[in-house]
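I opened the notebook to look up cores, rings and pockets in one structure. My entries follow the order in which I looked.

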Amino acid sequence: MMGEVNSEDVLVSVIIVNYNSGDKLALCVGSIFETNSHTEVVIVDNASSDNSLAELNSRFPDEPRIQFVLNQENLGFAVACNQGARRAGGEYLLYLNPDCKLHENAITIMIDCLNENPKAGMVGGQILNSDGSEQVGGRRTVPTPWRTLVRVFRLSFLSKRYPGLFSDFNLHQQPLPDQPIEVEAISGACMLVPRKVYEQVGGLDENYFLHCEDLDWCMSFRQQGWNVMFVPDAKISHFQGACSRSRRVFVEWYKHKGMLRFYRKYFRHQYPGVLMWLVAFGVWLRFGLLACYFSIRQFLRWLKCAWT
């Protein structure tokens, strides 16, 4: 493990959960150090088998601002985030995906939002695709079981006539606000939280392995009276999928499993049992179709390679 920086000099602890992120990890850490001082980085590695840590060490040898937590097996995203928080010494905790790149002043802009909004407990920036467009999921409403049914069965075309009933829970197609706004949820790719709020709300629910733990955490913050804010001027490029392209079925399994846990945890007593069964059917139907699609595509790639 690299040497630790003096906790009194740390304003922000950036917690990065790494799993086979390749060269993206070093690029992510580089963007942090290029744009921010008084920052430490806590890398929680979930038993990566690639060269991501070697590349990071090569670019930042003996860097005292980097700490490592090296897990012997993949413990999942939520567990790793909580491990990083326990190691971190900063006044603010920034959870950042390893395939993200911070733009200039992104952290400062988010901290300013927290300082200007005393009820704000969590903030996230505008997450961008590689082409500069706004990425899906950076600002959203909570995907309730009804909203999920609308999405799974592609009923959003009715939103022009009935916007209250059939609108999409992702808000990226709405006009970009010109100032920070309160939203129901942001993306787990970038979440900034003051330590004092973290200590009140607690860490992420470790019963999620991958996906939906960010939605769950946003719900926890709002239930305890804290606002979740979207800050459009804080920009973060997210090279989505760098850690999971080779394991699409695995990722989709945990995504759909996590979504059902989320529904049962927060909406079990608000929706009739028949509707919840219909939601579960729609979720697993979607997973089955995706699993077949990805498996067939992988088989065709293998077949093509076998014949060349």
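This is a predicted model: local features need pLDDT of at least 70, side-chain atom pairs count only at pLDDT 80 or more; totals for chains, interfaces and linings use all residues.

I looked up Tyr95 and Trp217. Their rings are edge-to-face, at 5.3 Å centre to centre and 85° between the planes. Tyr95 sits in strand E4 (residues 92–96) and Trp217 in helix H8 (residues 213–223), so this pair ties together parts 122 residues apart in sequence. I checked burial too: both Tyr95 and Trp217 are buried.

I then took Phe209 and Tyr254. Their ring centres are 4.5 Å apart and the planes are at 35°, so I logged the pair as tilted. Tyr254 is partly exposed, at 22% relative accessible area; the buried class needs under 20%.

I also noted an aromatic cluster made up of Tyr95, Tyr198, Trp217 and Phe221.

**Charges over rings.** Which rings have an arginine over them? I noted Phe33, where the charged end of Arg65 sits 3.9 Å from the ring centre. I noted Tyr208 as well, with Arg261 over its face at 5.3 Å from the ring centre.

**Cores.** How many residues does the largest nonpolar core have? I read 47. Tyr95, Met122, Trp217, Phe221, Phe262, Tyr263 and Phe267 have the most contacts inside it. Helix H9 (residues 248–267) gives the largest share of this core, six residues. A separate core has 37 residues, including Ile107, Leu114, Cys190 and Leu192.

I followed up Phe262. Setting aside neighbours within four places in sequence, I listed its contacts as Val142, Pro143, Tyr208, Leu215, Asp216, Met219 and Phe267.

**Largest pocket.** I recorded about 1500 Å³ of space in the largest pocket. Its lining has 49 residues, and His211, Cys212, Gln240, Val251 and Lys255 lie nearest the centre. Strand E1 (12–18), helix H5 (145–152), H8, H9 and helix H10 (273–306) each give two or more residues to the lining. Which element gives the largest share of this lining? I found H9, with eight residues.

Note on methods: Residues are numbered from 1 along each chain as its sequence is written. Side-chain values use heavy atoms; hydrogens and water are left out. A nonpolar core is a set of buried Ala, Val, Leu, Ile, Met, Phe, Trp, Tyr and Cys residues joined through side-chain atoms within 4.5 Å. Buried means under 20% relative accessible area, exposed over 50%, partly exposed in between (1.4 Å probe, protein chains only). Helices (H or I, at least four residues) and strands (E, at least two) are DSSP runs, numbered from the N terminus. Contact means heavy atoms within 4.5 Å. Rings of Phe, Tyr and Trp (its six-membered ring) pair if their centres lie within 6.5 Å; planes under 30 degrees apart count as stacked, over 60 as edge-to-face and the rest as tilted. A charge sits over a ring if NZ of Lys or CZ of Arg is within 6 Å of the ring centre and within 35 degrees of the ring normal. On a 1 Å grid over the protein atoms alone, a cavity is a set of points where a 1.4 Å probe fits but cannot get out, and a pocket is an open set with protein on both sides within 12 Å along at least five of seven lines; lining residues have an atom within 4 Å of a point. Grid points are joined across faces, edges and corners, and a volume is the space filled by probe spheres set on the points.
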